[in-house]
Amino acid sequence: MLENKQLKKAGLKVTLPRVKIMQILESSEERHLSAEDVYKKLLEAGDDVGLATVYRVLTQFEQAGLVTRHNFEGGHSVFEMDDGEHHDHMVNVDDGTVIEFISDEIEELQHKIAEKHGVEIVDHSLVLYVRPKK
């Protein structure tokens, strides 16, 4: 199973809760899930995993580099699988929906600004808070 290999590669023991949570993160249509979202999906699937375990496993996944945690303003933490591909986010302030996007123009502009200030970017996060136009 792919999940078992990923857990072992990350140095984590293969346990049923870890495998179940990994499966949910990988198979969910929604890429950004809170611990509560994962917990609800486990309950819906009939899996007996406690909310505290979900939080603990997600933190372990984050520390192992399997997931990225985002703390968007006005909301709780959400997690997404870390696939190594950089992208930025837009968060709908009305319903919390997260939209991923990639913009070569924004990336280029950020590097030009950093160069202008004599620094190099080692990491960054761009979050736009948006609302649908009426």
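Mentor: We will go from the overall layout to helices and then to single residues. Keep in mind that this is a predicted model.

Trainee: What does the C-alpha trace span along its principal axes?

Mentor: The C-alpha trace spans about 50 × 40 × 20 Å along those axes. Of the 134 residues, 32% count as buried. Contacts can also be sorted by separation in sequence: among those between residues at least 6 apart, 44% join residues at least 24 apart.

Trainee: Which residues of helix 5 are buried?

Mentor: They are E107, Q110 and A114. Seen down the axis of helix 5, the buried residues fall within an arc of 60 degrees, so they line one face of the helix. What covers them includes strand 3, residues 88-92.

Trainee: Which exposed residues are carried by the face of helix 5 turned away from its buried side?

Mentor: That face carries D104, E105, K112, E115 and K116, which are exposed. Follow the chain on and, just after helix 5, G118 takes a positive phi of about 75 degrees.

Trainee: How are two packed helices described?

Mentor: The description uses the angle between their axes and the distance between the axes. In this model, helix 2 (residues 16-27) and helix 3 (residues 35-44) pack at about 105 degrees, with their axes 10 Å apart. That makes helix 2 roughly perpendicular to helix 3.

Trainee: Which residues in helix 2 meet helix 3?

Mentor: K20, I21, I24 and L25 of helix 2 meet V38, K41 and L42 of helix 3.

Trainee: K20 is in the list for the meeting with helix 3. Is K20 buried, exposed or partly exposed?

Mentor: K20 counts as partly exposed, at 25% relative accessibility. Leaving aside neighbours within four places in sequence, K20 is in contact with L42 and D47. For a sense of distance across the chain, the C-alpha atoms of K20 and R131 are 34 Å apart, and the two residues are 111 apart along the chain.

Trainee: Where does D47 lie?

Mentor: D47 lies in the loop between helix 3 and helix 4, the latter being residues 51-63. D47 is buried, with a relative accessible area of 18%. A polar contact of 3.4 Å joins the side chains of D47 and K20. Not counting residues up to four places away in sequence, D47 touches K20 and L42.

Trainee: Let us move to the strands. What does the side chain of N92 reach?

Mentor: First place the residue, then look at its surroundings. N92 is found in strand 3 and counts as buried, at 10% relative accessibility. The side chain of N92 reaches the backbone nitrogen of D94 at 2.7 Å and that of D95 at 3.4 Å. Beyond residues up to four places away in sequence, N92 touches T97, V130 and P132.

Trainee: And N71: is N71 buried or exposed?

Mentor: N71, found in strand 1 (residues 67-71), is exposed, with a relative accessible area of 55%. The side chain of N71 makes a polar contact of 2.4 Å with the side chain of S77. Its C-alpha atom and that of K41 are separated by 21 Å, with the residues 30 apart along the chain.

Conventions. Residues numbered from 1 in each chain as written. Predicted model: local features only at pLDDT ≥ 70, side-chain atom pairs only at ≥ 80, totals over all residues. Heavy atoms only, no water. Buried < 20%, exposed > 50% of the residue type's maximum accessible area, 1.4 Å probe, protein only. Helix = DSSP H or I, 4+ residues; strand = E, 2+ residues; numbered from the N terminus. Arc of directions from axis to C-beta. Contact = heavy atoms within 4.5 Å. Polar contact = N/O pair within 3.5 Å; in protein donor to acceptor, adjacent residues only side chain to side chain. Axes fitted to C-alpha atoms, helices over the stretch in contact; angles between N-to-C directions. Parallel < 35°, antiparallel > 145°, perpendicular 65-115°, else oblique.
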